[in-house]
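Trainee: I have a new structure to read. Can you walk me through how to go about it?

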Amino acid sequence: MDKLVIRGGNPLLGTIRVSGAKNAALPAMAAALLTEEPIILENVPQVRDIETTRKLLAEMGADVELGYGRAQHRTTICCRTLVSPEASYELVKTMRASTLVLGPLVARCGRARVSLPGGCAIGARPIDLHIKGLERLGASINQEHGYVEAKAERLRGAEIVFDKITVTGTEDVLMAATLAEGDTVMHNCAREPEVADLADLLNKMGAHIEGAGTSTIHIKGVDKLHGAKHRIIPDRIEAGTFIVAGALTGGDLNVAGCEPRHLGALLQKLLEVGVRTAHTTDAVRVMGDGPLKAADMVTEEYPGFPTDMQAQYMALATQAEGTSIITENIFENRFMHAQEMVRMGANIRIEGSRAIVRGRTPLSAAAVLASDLRASASLVLAALVAEGESIIDRVYHIDRGYEHIEEKLKGVGAQIRRIGEMLPKRSVAPMVRA
Ligand code: EPZ
């Protein structure tokens, strides 16, 4: 397993570019299941979850081409013939977002067999709301042997109210509703930019969707969808991670190729902390030249402060003067990074869904363990300001959602390198047969 070795202390200076949003590319790839014609996606990030989704679709019989070289951020997916509308446990257990194929498969093939994702490091991650939404559209759902089996002759439009706001639940049911007979209205939907981006693609494919990005979405079902070309939006969480890195290291960093209007809650919070930022339409410049002061933060669904930025904010809070109270409202177990930061010298106490961070505490380098995607990003941030050389293990977590993170950070002055697993030296002594 690869590790990242980071020597802290360098301010990040210059321009760092943001890749396409993993959490927009995943539903967009699933949407290709809804048509027999090719879907071309641009600005797809080269991260592990995209490769996992490619395998998932290929296993069903789809032709999936991940571009390389100059076209390296383009993928072309053609689901003309689907031989098995199934998502196996082997793949789903590595990526929960695989459940995004459930809605499209039922809508396109009339049946689907998808492994229940099981929990993950940050929480139980049930998909009961996905299932309820599909049942409202007329699917009959059976759960056994750890799989969800869904069937429907033809889905029928319905009025749906989500009990809780769910991002992939909204996306799953939205995709299914595009091919349902009649009209669907979905209430209490997720308003994340990734939902709106998916609706943009679906409308390019011939769907009739209005209101995506708000909490009420109207869909007029159609009989068929056709091929389309679509550019994935920039990754707002990768952008936010780099913005925090610039603030934390006292740098002057231009985070380019992002959508500042997707970062409102973060930029407002950073202002409270005393971080100076300036933005144009597609870039944010962060100047970490002033002292950081503590500010409480509460994670909420979009447009509130994103849970996917909570761990990164905690790293920043360790360097802010005063006490920051961080409340995690979305997931029940998303503080695992805290103990690793405490090992580096941070002063953090967990009380249920709240983390009390007392700063400013100098951090010292340590060997730490990544537990999930955003926790590993926060440990990279902590290592960038820790005194000495840190080693972050289980870096495959970070590779799920950050494209070439060490190259990008090295390009703006970070002392960071990746080391592969040291393979045991092969014995050179010739085998002596007895
Ligand atoms: C999406 O996950 C993102 N993943 C997550 O990003 C993100 O943290 C999360 O939304 C919240 O913003 C993708 O988009 C691929 P939810 P999702 O359904 O859709 C509960 C990352 O780091 N819930 O909005 O799985 C759930 O347990 C990842 O990139 C149910 O109870 O999250 C949670 O408490 C991590 N029943 C809350 O709702 C359901 O059927 C929000 O979950 C579905 C969800």
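**Reading the domain interface**

Mentor: Start with the contact between the two domains: 24 residues of domain 1 touch 22 residues of domain 2. Keep in mind that this is a predicted model.

Trainee: Which stretches of the chain make up domain 1 and domain 2?

Mentor: Check whether a domain is one segment or several. Domain 1 is assigned 3-18 + 234-419, and domain 2 is assigned 22-231. Their C-alpha centres are 30 Å apart.

Trainee: How much area do domain 1 and domain 2 bury between them?

Mentor: Read the area together with the atoms that supply it. The two domains bury about 1900 Å², with 49% of it on carbon and sulfur atoms. On the domain 1 side, Y302, R400 and E403 give 34% of the buried area, more than any other three residues.

Trainee: Which elements give two or more residues to the side of domain 1 that touches domain 2?

Mentor: They are α12 (373-385) and α13 (396-399). By residue class, that side of domain 1 has eight nonpolar, five polar and 11 charged residues.

Trainee: Next, the ligand. How many residues surround the ligand, and which are the closest?

Mentor: List the neighbours, then look at individual atoms. There are 22 residues around the ligand, with R96, T166, T168, D308 and I330 the closest. The T168 side chain places an N or O atom 2.6 Å from a ligand oxygen. I330 uses a backbone N or O atom, 2.6 Å from an oxygen of the ligand. For R334, a side-chain N or O atom is 3.5 Å from a ligand oxygen.

Trainee: Why would I check backbone angles?

Mentor: Because most residues other than glycine have a negative phi, and most peptide bonds are trans. Exceptions deserve a look.

Trainee: Where are the cis peptide bonds?

Mentor: One joins Y302 and P303, with omega about 10 degrees. P303 sits in the loop between β18 (297-298) and α10 (310-317). Another joins G359 and R360, with omega about 5 degrees. R360 is in the loop between β21 (354-359) and β22 (367-369).

Trainee: Which residue has a positive phi although it is not a glycine?

Mentor: N43, at about 65 degrees. Find N43 in the loop between β3 (39-42) and α2 (48-60).

Terms used. Residues are numbered from 1 along each chain as its sequence is written. This is a predicted model: local features need pLDDT of at least 70, side-chain atom pairs count only at pLDDT 80 or more; totals for chains, interfaces and linings use all residues. Side-chain values use heavy atoms; hydrogens and water are left out. Domain bounds come from an automatic or database domain assignment. Contact means heavy atoms within 4.5 Å. Buried area is the accessible area (1.4 Å probe) that two parts lose on being put together, summed over both. Helices (H or I, at least four residues) and strands (E, at least two) are DSSP runs, numbered from the N terminus. Ala, Val, Leu, Ile, Met, Phe, Trp, Tyr, Cys and Pro count as nonpolar, Asp, Glu, Lys and Arg as charged, and the others, Gly among them, as polar. A residue is near a molecule or strand if one of its heavy atoms lies within 4 Å of it. A polar contact is a pair of N or O atoms within 3.5 Å; within protein, one must be able to donate a hydrogen and the other to accept it, and residues adjacent in sequence count only if both atoms are side-chain atoms.
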